[in-house]
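Dear colleague,

I am handing over a structure that will be new to you, and would ask you to look through it before reading on. My notes on what was found in it follow directly below.

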Amino acid sequence: MPYHRADTSAQADKLSGIVEESDLYEGFAPHVETSEIKTLDFYSLPKQTGKEPALRSFTEIQQLLQQGKKRDVKSILRENSWPINSPIRSQLWPALCAQHLTKQNMLDGFYWEMVHQVFGTTELSDKPIMLPAFVDATHCLPYHLTSTGRAVADRIVNVLGYDCPDITYSPVLYPITSLLLHFMSEEEAYLCLAGLVGSKEKTFINQTKLQNEVTWKTVMQIAKKHTKSAIAYFQRICPSQKLERVFMDWCWWILAGLPFQHLVRIMDCYFHEGIKVLYRVALVILNLFHKECQSNNEWSPDNIKNDIGNALIKFCKKIPVSPAKLLHAAFSIRGLSTQYISRIFIKTEMLLKSRSAFNSGSKQLIKSRSSDNLPTSQSQVNIQMMSHTLTIREKLHSESCRNLLFTLWSWLPVRITMYQPVLLYTTEEHGCSLTTFYVRVEQHEPTLLMIKTCNNEVFGAYCSSRWFERNVKDDKGQRQAYFGTGETFLFSLYPERAKYPWVGIEGDRDLGHSSELFMAADSKMITIGGGEGQAIWMDENIRFGKTDSCKTFNNPPLCPSGDFEIRVLEVYGFVGI
């Protein structure tokens, strides 16, 4: 049955530390085996000298959250080392996770209705529950949960799998569930998970095998730049062991290796900032391990060369720094911005998707392309639907028009060619208004923009993100100027045929901010591409536009004159995505 922390919520602001033995475990939920948790060792807060600033209370943090002061909350979470048993987390963690909750229809009792739907009762069964397929059975970490607590964790992930069928692979979901249950009730833990899983602005929990692979490869790429000495050392002592194998288990250095005290403090920050906190901690672990390898015989080359991954987890269990020092080192790493991480992640994701498409060979490519690299009959039907509305047919023979569209189809991401295109907006039918453009287009992702000028040039862009993202605000409450991902590309169809992909798709060098200016829009204009020029710019009346070279796509102007008058703009979406 539901458990409510009526007796301990009033204690959440009493943060003076551990005083009496009877108060040692007041911060934990009833389904926690507290006797195994170390609270009075060197990991605990140092003795008070009277000069340290008082630890911040939940009330203070709650007020900042309500005021939208996320940066202030971030600083507090990083700097305040609440004791492992502090009752503040029974309120703090749910409040942090609630920020990310997108399903606003979760009223009181919602979770228990879901439990009844899945199991036919709200009573906790004594029999083991079969876990969803997305759970990794080898990493169902219970930490300090009792047998009842484990049964509760099993039930939560089952209900989450029922409510979120899009989750297909998520090994870290069970450990995160277990950690939440140490400080709150079953229902509160479920709501927290729903917020983390459904978050649109930040990533917390990977939910597919692709996301999981992209993440560990992103960590590996970041580590090659920020922990060069450690990476070089590992490659030197065991050249036969692939670095990839080590980084595949990066999250388990933290979730399965670090002491519980460290893990809880990391979660304080993670529930607010997202997975980038774990990236930073992983880099510190690598540097600390490398340092210990130089001075501690336990981690000598002979002892670790056969299995660096396992050695890293063992090292984490004995990590020689306190939680406070670990976090301080993690947040002191320079040059690790959200934008930088996002760029590496997107590039890695695109490369993996492309490789997956090509490796699927006869199974997938035959579905979308015939042996001569042209679309199959079904795709040709889709393209014919496009050519029926596309106004370039007025100037070209139908065969030439189809060939141009076949070329365009071959440039699309393979997964997109499986879907039927649908005309969302055309100036000939819907009028020349940016407001109407947004109403009809902004919620679709991806979209294909095609422009025909009064000089009969035909060009456009594949836009990877929703145009609605022009309204998304950052941590400071400011609208982001540019949005989109590296899957966006430009193209020209007539009189020249050419595709201009994102410059970041090639190589690992840092190309700077100007290479990430994919899409921008407001009430007065829309822009695609930027940096020393805009690849495509259109005014609010969708009548006049400009095109220039830009750093994002390294393209020439898409029409010779640079300035153009729009004869027709058409925007396509894809049914079923």
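Helices (H or I, at least four residues) and strands (E, at least two) are DSSP runs, numbered from the N terminus. By that count the protein chain has 22 helices and 10 strands. This is a predicted model, in which local features need pLDDT of at least 70 and side-chain atom pairs count only at pLDDT 80 or more, while totals for chains, interfaces and linings use all residues. Residues are numbered from 1 along each chain as its sequence is written, and side-chain values use heavy atoms, with hydrogens and water left out.

Of the 577 residues of the protein chain, 53% count as buried (under 20% relative accessible area, with exposed over 50% and partly exposed in between, for a 1.4 Å probe and protein chains only).

In helix H16 (residues 323–330), the buried residues are Pro323, Leu326, Leu327 and Ala330. Seen down the axis of H16, these fall within an arc of 95° and so line one face of the helix, the arc being that of the directions from the helix axis to the C-beta atoms. Lys325 and His328, on the other side of H16, are exposed. Helix H12 (260–273) and helix H13 (276–295) are included in what covers the buried residues of H16, where contact means heavy atoms within 4.5 Å.

Finally, among contacts in the protein chain between residues at least 6 apart in sequence, 72% join residues at least 24 apart.
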